[in-house]
Amino acid sequence: MLSNEEIQDIDHEAAKLPYKKAAVIEALKIVQQHRGWINDESVSDIAECLEMSAAEVDSVATFYNLIFRSPVGRHVILLCDSISCYVMGYKNIYEALQQKLKIKFGETTADQRFTLLPNACLGCCDHAPALIINGELYTDISIETLDDILLKYT
Amino acid sequence: MERPLTKNIHAGRQPLSLKEYTTTGGYTALQQVLKNNTPQEVQQLVQKSNLKGRGGAGFNTGMKWSFVPMGADAPRPKYLIANADEMEPGTFKDRLLLEGNPHQLLEGMIIAAYAIQANISYIFLRWAYKKAARVLEQSIHEAYEAGWLGQNILGSGFSLNMHLHTGAGRYMCGEETALLNALEGKRATPRAKPPFPQVSGLFGKPTIVNNVETLCCVPHIVNNGAEWFQSLSYSEDSGTKIYGVSGKVNNPGAWELPMGVTMRELIEEHAGGMKKGYRLKGVLPGGASTDFLTEQHLDIKMDFKSVAAAGSRLGTATMVVMDDATCPVGFVHNLQHFFAQESCGWCTPCREGLPWVEKILLTIEKGEGKQEDIELLQMHTQLLGPGNTFCALAPGAMEPLQSAIKYFREDFDRHIREQKCPY
Ligand SMILES: Cc1cc2nc3c(=O)[nH]c(=O)nc-3n(C[C@H](O)[C@H](O)[C@H](O)COP(=O)(O)O)c2cc1C
Ligand code: SF4
Ligand code: FES
């Protein structure tokens, strides 16, 4: 079941649009904001709320890479794997993260602390390599600065 | 040298507030237009300035606006959308404008909306730009409070609402018709053209989609005139341009410079030249989906026509430099991985072809390639080229591949001959 707060937020978005269905991406983002990820029940709940089929909601949910259809850890690391970061050595950062966290891209640490995902260019290629944790951007990353960054997230 | 777009943007400083923006001459262009000009006059002024779209395709902006149905029987509401999806790998120019001087974009949007008589506008912002989102929310709020947005702006009878929409990822959302689908809450697959968005766009209504940098030019054209805008440039294409350089250079960054500066000036002066111990091997002049250029092209002008004449595209004009210690096959594999992943899957050549290309390149990079693989890659550059796919993603992906095979053929051959990556 969606919470009252979630429903209110979704209705608020839907009111700006000519028809309810158009708010589905916003709805997915709202529910994910509250619950961390979108499970099957949330898909059905959003479908009901926006008067569309669950399959339709899921087709949208699975299209966008920042809508999570599997559980994620408390903190999501998005490491840029695009071209400028490739040239500037994102692979070294990836290796260091693998060693420190014992996870690969697409995985979550056993203690649910971190999920590690690759992401396309973060738009700060002049300060490559770059990563985002929970929406916070870190640039000019080096293996030496990595520990300090990770320590902020418990 | 004038830098109209960035003169008030300083690194490490807070974005310009509404007050700061107005004290530096902000919103005078809007006042002037609402008071003295018809929408058609604004369209003609922008067309005459020869402002070309900064989103990559380089189409004349005023001309694009002129395709929107005008007059009392035109379908309503019409829409004006700022494309702030900026996801082309290697591109980081719109971020500068969004975070540094948000009201400049807003003023450009309001003038553009007036020119096509749109009453609803959206900023389509990529999810990753969190700071820009905060800055824009605040600015839109300020603009409503000050009466630059909302009903009957400055008593002109013109009304405009503006909304910020943040995406949920995917490069495809930047393609203008896919963007419209994303805004309608659908999967971001592109739409068939015609009908063009100017006639039938968002929710089936006339819609203009313009890049952030394009819209930021508009207030300055209104304030200073079409001739002034043309005079800013070193070439036929008017205005200034935000150029960028990333890769192993001493001072990577983005700078507003006259349209048509040379690649050499950008790399050697502004970007401070190659880092010690590295040589320049190739350059993608305008983001991931542009053809490689090499050292022999350093003296070409970075404008639409000159870069095209050299066999590439100006694209977003944010270049990625490939140094001599970076393997070209690995470099191109990284690009094709991106394109294969971001393909929306709508049409077969792209959906099937790009993963195949990615796989072949990986095989070569790992030292397991065969001579025929090069022919297979070349075949793909034809089959996924212009005209065979639904949108420009796949043809764009083929640009760096075909030019890599052309300029760095020896590197591909060595991988196959030596059965390993020589880098
Ligand atoms: C796959 C793909 C992605 C694109 N991404 C962007 C983008 O992020 N930002 C942008 O302004 N244009 C992007 N474009 C170009 C837009 O389709 C469109 O041409 C542009 O927004 C028009 O604005 P302009 O005329 O001001 O350049 C993209 C095109 C393609 C094919
Ligand atoms: S070319 Fe690729 S991205 Fe474009 S419509 Fe076809 S499948 Fe989608
Ligand atoms: S390529 Fe990593 S931020 Fe652009």
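Let me begin with a pair of residues in chain B: K93(B) is buried, and so is D94(B), where buried means under 20% relative accessible area, exposed means over 50%, and partly exposed lies in between, with a 1.4 Å probe and protein chains only. Before I go on, please keep in mind that this is a predicted model, in which local features need pLDDT of at least 70 and side-chain atom pairs count only at pLDDT 80 or more, while totals for chains, interfaces and linings use all residues. Residues are numbered from 1 along each chain as its sequence is written, chains are lettered from A and ligands numbered from 1 in the order in which they are written, and side-chain values use heavy atoms, with hydrogens and water left out.

Where does K93(B) lie? It is in the loop between β1 and α5 (94-100) of chain B; helices here are DSSP runs of H or I with at least four residues, strands are runs of E with at least two, and both are numbered from the N terminus. The relative accessible area of K93(B) is 1%, so this lysine counts as buried. K93(B) forms a salt bridge with D94(B), with 2.8 Å between the closest N and O atoms, a salt bridge being a side-chain nitrogen of Lys or Arg within 4 Å of a carboxyl oxygen of Asp or Glu. The side chain of K93(B) also makes polar contacts, one with the side chain of N211(B) at 3.0 Å and one with the side chain of E213(B) at 2.9 Å; such a contact is a pair of N or O atoms within 3.5 Å, where within protein one must be able to donate a hydrogen and the other to accept it, and residues adjacent in sequence count only if both atoms are side-chain atoms.

Six of the six residues of β1(B), residues 79-84, are buried, so the strand is largely enclosed by the rest of the structure. Y79(B), I81(B) and N83(B) point one way from β1(B), whereas L80(B), A82(B) and A84(B) point the other way. Strands count as paired if DSSP finds at least two bridges between them, and β1(B) is joined by six bridges to the parallel strand β2(B), residues 120-125, with A82(B) having I123(B) as its bridge partner. Five bridges, also in the parallel sense, pair β1(B) with β4(B), residues 207-211, and there L80(B) stands opposite I208(B).

What surrounds ligand 1? There are 17 residues around it, the closest being G55(B), N83(B), N210(B), N211(B) and T214(B), where a residue counts as near if one of its heavy atoms lies within 4 Å. β4(B) gives the most to this shell, with three residues. Oxygen atoms of ligand 1 lie 3.3 Å from a backbone N or O atom of R54(B), 3.1 Å from a polar backbone atom of E86(B), and 3.0 Å from an N or O atom in the side chain of N210(B). Taken alone, ligand 1 exposes 610 Å², and the protein buries 89% of that; these areas come from the Shrake-Rupley method with a 1.4 Å probe, and for residues only the protein chains shown count as cover.

Let me return to charged pairs. Side chains of opposite charge can pair when their charged atoms come close. The whole structure holds 34 salt bridges over all chains, among them one between E176(B) and K64(B) at 3.5 Å, N to O. That pair links distant parts of the chain, since E176(B) is in helix α8 (residues 176-183) and K64(B) in helix α4 of chain B, 112 residues apart. E176(B) has a relative accessible area of 19% and is therefore buried, and K64(B), at 14%, is buried as well. Salt bridges with shared partners join K64(B), E175(B), E176(B) and K193(B) into one network.

R313(B), in the loop between α12 (304-309) and β8 (318-323), is partly exposed at 29% relative accessibility, and its C-alpha atom is 8.3 Å from that of G56(B), although the two are 257 residues apart along the chain.
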